[in-house]
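User: I would like to learn how to read some features of a protein model. Please take them one at a time.

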Amino acid sequence: MQVPAPFEYERASSVSEAIALRERLGEEARFVAGGHSLLPMMKLRLATPEYLIDINDCTELFYINEEAEEIRIGAMTRHRELLESELLAQHFPIFRDAEQVIADPVVRNRGTLGGSLCQADPSEDLSAVCAALDASCVIASTSGERVVPMGDFHVGPYETAVGPAEMLTEIRLPLRPNGSSAYHKVERRAGDWAVVSAGAAVWMTGDGAIADGRVGLAAVGPNTTNIEPVRQALQGSAPSEDLYEQVGAIAAEHCSPVTDQRGTAEYKTHLAKELTKRALRTAVARVTSTTNGAMTNGAG
Amino acid sequence: MTAVEETPAEEGERPIGYGRLLRKEDPRLIRGMGNFVDDIQLPGMLHLAILRSPVAHARIANIDTSAAQAHPKVVAVITGADLAEQGLAWMPTLSNDVQSVLATDKVRFQHQEVAFVVAEDRYSARDALELIDVEYDMLPVISDVRSALDADAPVIRDDLEGKADNHIFDWETGDEASTNEVFERADVVVSEEIIYPRVHPAPMETCACVAQVERVSGQLTLWSTTQAPHAHRTVYALVAGLPEHKIRIIAPDIGGGFGGKVPIYPGYVCAIVASLVIGKPVKWTEDRTENLVSTGFARDYIMKGEIAATSDGKILAVRTNVLADHGAFNGVASPIKYPAGFFGVFTGSYDLEAAHCKMTAVYTNKAPGGVAYACSFRITEAVYLIERIVDCLAFELDMDPAELRLKNFIKPEQFPYETKTGWVYDSGDYEPAMRKAMDMAGYAQLREEQAEKRERGELMGIGISFFTEAVGAGPRKDMDILGLGMADGCELRVHPTGKAIVRLSVKTQGQGHETTFAQIVAEELGIPPEDIDVIHGDTDNTPFGLGTYGSRSTPVSGAAAALVARKVRDKAQIIASGMLEASVADLEWVKGSFHVAGDPSKSVTIQDIAMRAHGAGDLPDGIEGGLEAQICYNPTNLTYPFGAYICVVDIDPATAEVKVRRFIAVDDCGTQINPMIIEGQVHGGLADGVGMALMEMIAFDEDGNCLSASLMDYLIPTSLECPDWETGHTVTPSPHHPIGAKGIGESATVGSPPAVVNAVVDALKPFGIRHADMPLTPSRVWETMQGNHTAPI
């Protein structure tokens, strides 16, 4: 049994209590949500927080709600909820695609959306998902709330915009018409971290061109959750295999993977292109299949 | 699970003897009521944690333990220097080398044991490790086995007197001159460097022990994760100078061994020393990382293979040159006269004119070990070599790999068959097994499907492996471990009411001994298996024997159990003759009872006889009371199970992901005792094989850092990587085994990796690919497709 270094444990039952504890205990305190990243790191003594603030009693953060212009997801929503949500599957099928290949049921039962984003592991899947969907993050503190776009949320590997006395409370996904999304991942084995994964979201115009589109990649280096030149190439273009090929190449150019046990840099670069193509192809096909049927807000 | 002829075991259909029977041990294991070493709690028990080296090769300049000693819950901190004072800093390995218990002079692999802490609880022991300050003077590292014998290579084992290089041994088998002669006249010669990377058994339960030394009596009781409790007892007696009758080894439930729990590890010795010094029981439980980085690994062979054949596909000879990485200490656990284990069976299932192998084993700055992981003493490597190189030959001849194998099998009339490396295969009938696997697979249709898919640019592969194993070590004239002959004892007692207990020298780690051995005795005596308890794992309560590994339990101990039951039956027959007032020769045995020949109405059951043996009234002249016997079985030969495996894979042409679509496994382990347990063993071994072929590898960087130190980095397969196993069997009994049984425990682990690899390589045939090394991760497969295949080591 691997055992962590000594730490103190506090349990917060509300967001305000959690933030107050964090403010009082300082930088050596860490929130623990599902714990499936933090606790293994503590057992390996790669993380040695002095305090854990358990936020699993913050029931106010467990929700997936549809508003007029966006879907709001509480930061403590478990992977399993994201996987099983029909609302998300209807508007953003990328969530179910991704959740089906994130870890295993044990992890998905406990791990949370907020925890995944705050862990900011470059191989983590949901950051790419949220970036592709142009999400924004609500960060709360004693002085109120601020909303940070996904593009500004990750400051670097394992670093986020969440300050020492702040807490990620909600993720907002804008609802836009005539869109869909998809996620493709290559892993060495079920439940493993991605060798590479790619998420794509597209929104179409009435005449079948791409009004807007985003691609987010995971496990290929920093700043790949939303590649701006990809977006520029997609805007106004008609979907075609040539376009996917061209956009896949742009995505591949903008990643900087390293060779490791999961694969060589060359292979990962190749996958960045291949999976970008596949994600775009699937996302566009999903819009088209919905458009041919009943048109809804979003798509699926 | 398909293609089995027997009906499933159901309530009310329990066999008295062989047949499908739910495992007797499962109710307690399924209900979480097993008793594993880490479950053991003793009053006053302390906890031990080991400090390990962060670097692979360094001289220890200084160790400061004062801060750890000052920890309020720490009882003792022990370093190599402390052990050296007791003469316990080094211990023998199972291969006549020595290994340091705690490093004294220098560390020789990353994560080597440097010091240990004993504390009141497990957390404090672990915390105190952080308080030990060790200064290391770094030394150059040998991580690349190919550079180990370079003239300027640092000498790892300068502890060995006069040692000036990293050479361990050279070993040779077969005949070089005749092999070379055959190669010179052969139409076709194919060479390939074939690598079996280092892998790890990664059992669910890590290693652990609880040591209790009683100060007054000097009695040592050691609860330990050991596959060989009796052998361990003797080794502890020799190492620690403890009298053997004062040592009791208890192996309770074991959560998987696969060979990894055969060696004695420093942690066990540390716990014994700690209990001896402190006078309290001491528990050591390895964590997952420690298990992966320091306990017995497997394989790590670089094999240059060559095969010679006629142009029409008659295989003439095989030769190989092997470079073996044994890590920092030669810790291989195999019979002492077999430094390369049973690698000599690399001639496989084929009738050859000649064969030759040369091997060189070297030290590197890596963890010691060598045969762990269900390999039947290096047969995994041997089978991989021959089955891979035969496929390379098929590629060069443009011949169907099934046809090539069928053409070259040893014929049934050639058994017993002596190979060109001196192994005497006891029995075999290879073609029916191969044909059965091909029928189950629908081989011809699969090839048609493949041809169609290739037209469309889809990648589908069909891989074949046909293996012959050599298991059941072994005849004591040839085989011993540290001087202990590889025979096994068995004791059987039938109680007055006809219930029985049978005591074994072997030890289950999940194989199902408590069921299988009850069935062996049941078959011989007609006592239902549920009336027979199997006792094992406790040296005070079982007869001496060498333990469970190398698929030896059924070949050796299974024979002992059958023969001890026959001994009891012989005595029962004499007692029955008195009861029936008939001569012994006039009695006939029908499972469970004797009756007078020609008069079935005059009969007595084994239960009647048991009561009579213990009851009132006279017994026939010269017969003592009681109904029990004891035996020690020394096998005359190994047993040679075999099997035909076919694997079907699909590869995504763009991402290079490999999906195992089907796996057909036809095994022949001779007489089957419990087909359900056999299938379970085969299923597990096939999953092992998929893991090794596609994802498993203990990797190191150039500084000797182990890159596979957690189950996040050392991948083992899940059910999602496994297809529905399609199993079948043929039965070719062993002629020399009392019940005709052969070992099965490792067949699938040995036989499946080449089938998977051959399937992947077959899928890549359109790229002109003849060989690719394990593990066939998507990245390595893709690079192979690009013509950039790189060796894993």
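Analyst: We will go through cavities, salt bridges and backbone geometry in turn. This is a predicted model, in which local features need pLDDT of at least 70 and side-chain atom pairs count only at pLDDT 80 or more, while totals for chains, interfaces and linings use all residues. Residues are numbered from 1 along each chain as its sequence is written, chains are lettered from A and ligands numbered from 1 in the order written, and side-chain values use heavy atoms, without hydrogens and water.

User: How many cavities of 30 Å³ or more does a search of the whole structure find?

Analyst: Rolling a probe the size of a water molecule over the atoms shows where empty space is left. Here the search finds 7 cavities of 30 Å³ or more (sets of points on a 1 Å grid over the protein atoms alone where a 1.4 Å probe fits but cannot get out; points are joined across faces, edges and corners, and volume is the space filled by probe spheres set on them).

User: Which residue forms a salt bridge with B:Arg14?

Analyst: Side chains of opposite charge can pair when their charged atoms come close. B:Arg14 pairs with B:Glu530, the closest N and O atoms being 3.8 Å apart (the criterion is a side-chain nitrogen of Lys or Arg within 4 Å of a carboxyl oxygen of Asp or Glu). B:Arg14 precedes helix 1 (26-30) of chain B and B:Glu530 lies in the loop between helix 13 (513-525) and strand 25 (532-535) of that chain, so the pair ties together parts 516 residues apart in sequence. Helices (H or I, at least four residues) and strands (E, at least two) are DSSP runs, numbered from the N terminus. Over all chains there are 80 salt bridges.

User: Where does a cis peptide bond join B:Phe415 to its partner?

Analyst: That bond joins B:Phe415 and B:Pro416, with omega about -5°; B:Pro416 sits in the loop between helix 10 (401-408) and strand 18 (417-418) of chain B.

Terms used
1 Å grid on protein atoms, 1.4 Å probe; cavity = no way out; pocket = protein on both sides within 12 Å on 5 of 7 lines; lining within 4 Å.
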